[in-house]
Amino acid sequence: MDERGWTAAAWAKRAEVTATNLTRFLKDPDTASLPSAETIGKLAFAAGSEPRFLSSNGPVSAACRVPVLDHDQIRKVMALSRSAAEDYVSAALRGGGPCVLLDQPTSARAFALQINSLHMNAGGLLPRDQIVIEPIDQVPPRKGDMVITVDGMSVCAYRYYHPQLVPISTDPGCCPMFAEGASMVGVAILVVRPLRIEAVL
């Protein structure tokens with residue numbers, strides 16, 4: 001709540017739960033009853049996370065969600081300052097659009113996208129794959145990393161071999177390009193692939 005600047009009432013409103021149990025618990029956690037599992041789940045979802053059962057047997061892994069942004073949204077994020085980009089990504093996540101769940105923490109500016117080119121199809125990345133990325137000023141690219149660029153209406157993936165970005169593709173039209181001057185969105189940290197795509201009737 002401190003990190004987001006939320007009151008208990010504001011958090012409860014975002015989660016669409018009543019604030020009574022939450023307020024009571026926050027005032028006196030030692031004696032107040034814990035909110036129900038359903039309420040905790042809704043609160044976690046509204047905060048952009050997933051509830052996790054705590055265990056003393058080992059470290060707890062923090063799960064989080066990132067929104068899937070379209071081409072226009074990606075362009076907007078790229079033009080924003082760090083804090084404005086964080087707000088934009090957070091608002092996109094709260095907006096209820098598509099998202100990707102990760103079992104590892106990310107920065108507040110991380111998001112997912114879907115490529116629409118064949119630049120890495122021979123390297124294991126296919127159209128319709130959803131890629132979670134971190135901005136390059138957050139995770140600087142290293143040799144061999146997969147980086148994502150946005151150019152015109154294309155969202156493309158390349159391997160980073162400075163000074164070049166190299167496609168691994170069966171498409172002869174996909175050529176290497178210089179990293180300097182390229183509109184690099186970020187470094188890929190996770191790929192999610194649907195295994196079954198329902199036919200549209």
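This is a short walk through one protein chain, from its overall layout down to single residues.

What you see is a predicted model. The protein chain has five helices and nine strands. Along the sequence, the pattern reads α-α-α-β-α-α-β-β-β-β-β-β-β-β. There are 201 residues in the protein chain, and buried residues make up 35% of them. Now the contacts.

Next, the helices. Two packed helices are described by the angle between their axes and the distance between the axes. Begin with helix H1, residues 8–15, and helix H3, residues 37–46. Their axes are 8 Å apart, and the packing angle is about 95°. That makes H1 roughly perpendicular to H3. Which residues make the contact? On the H1 side they are Trp 11, Ala 12, Arg 14 and Ala 15. On the H3 side they are Lys 42, Leu 43 and Ala 46.

Now the other pair, H4 and H5. Here the axes come within 9 Å and cross at roughly 155°. So H4 is roughly antiparallel to H5, because an angle over 145 degrees counts that way. Gln 73, Lys 76 and Val 77 in H4 meet Ala 85, Tyr 88 and Val 89 in H5.

Back to Trp 11 for a moment. The structure holds one aromatic pair. The partners are Trp 6 and Trp 11, and the pair is tilted. Centre to centre, the rings are 6.3 Å apart, with 45° between the planes. Are these two residues buried or exposed? Trp 6 is buried, and so is Trp 11.

On to the cores. In soluble globular proteins, nonpolar side chains tend to be buried together. In this model, the largest nonpolar core has 19 residues. Which ones have the most contacts inside it? Phe 111, Leu 113, Ile 131 and Ile 148. S5 gives the most, with three residues.

Look at Ile 148 in detail. Set aside its neighbours within four places in sequence. Ile 148 is then in contact with Leu 113, Ile 131 and Ile 133, among others. Its contacts also include Val 155, Cys 156 and Ala 157. Further along come Ser 183, Met 184, Val 185 and Gly 186.

There is also a second, separate core of ten residues. Among its members are Ala 8, Val 17, Leu 22 and Ala 47.

Now some loops. Ser 107 sits in the loop between strand S2 (99–102) and S3. Is Ser 107 buried or exposed? It has a relative accessible area of 15%, so Ser 107 is buried. Its side chain makes a polar contact with the side chain of Glu 134, at 2.5 Å. Leaving out neighbours within four places in sequence, Ser 107 is in contact with Glu 134, Pro 135 and Gln 138.

Asp 171 is in the loop between strand S7 (164–166) and strand S8 (177–178). With a relative accessible area of 28%, Asp 171 is partly exposed. A polar atom of its side chain lies 2.8 Å from the backbone nitrogen of Gly 173. Asp 171 and Ala 122 are 49 residues apart in sequence, yet 9.0 Å apart in space, C-alpha to C-alpha.

Gly 124 lies in the loop between S3 and S4. At 44% relative accessibility, Gly 124 counts as partly exposed. Gly 124 touches Asp 129 and Arg 193, not counting residues up to four places away in sequence. Gly 124 and Ile 168 are 44 residues apart in sequence and 8.8 Å apart in space, C-alpha to C-alpha.

Last, two points on the backbone. Most residues other than glycine have a negative phi, and most peptide bonds are trans. Glu 16 has a phi near 60°, a positive value in a residue other than glycine. Glu 16 is found in the loop between H1 and helix H2 (20–27). Glu 16 is exposed, with a relative accessible area of 70%. The peptide bond from His 162 to Pro 163 is cis, with omega near 15°. Pro 163 is in the loop between S6 and S7.

Methods. Residues numbered from 1 in each chain as written. Predicted model: local features only at pLDDT ≥ 70, side-chain atom pairs only at ≥ 80, totals over all residues. Heavy atoms only, no water. Phe/Tyr/Trp six-rings, centres within 6.5 Å; stacked < 30°, edge-to-face > 60°. Buried < 20%, exposed > 50% of the residue type's maximum accessible area, 1.4 Å probe, protein only. Core = buried A, V, L, I, M, F, W, Y, C linked by side-chain atoms within 4.5 Å. Helix = DSSP H or I, 4+ residues; strand = E, 2+ residues; numbered from the N terminus. Contact = heavy atoms within 4.5 Å. Polar contact = N/O pair within 3.5 Å; in protein donor to acceptor, adjacent residues only side chain to side chain. Axes fitted to C-alpha atoms, helices over the stretch in contact; angles between N-to-C directions. Parallel < 35°, antiparallel > 145°, perpendicular 65-115°, else oblique.
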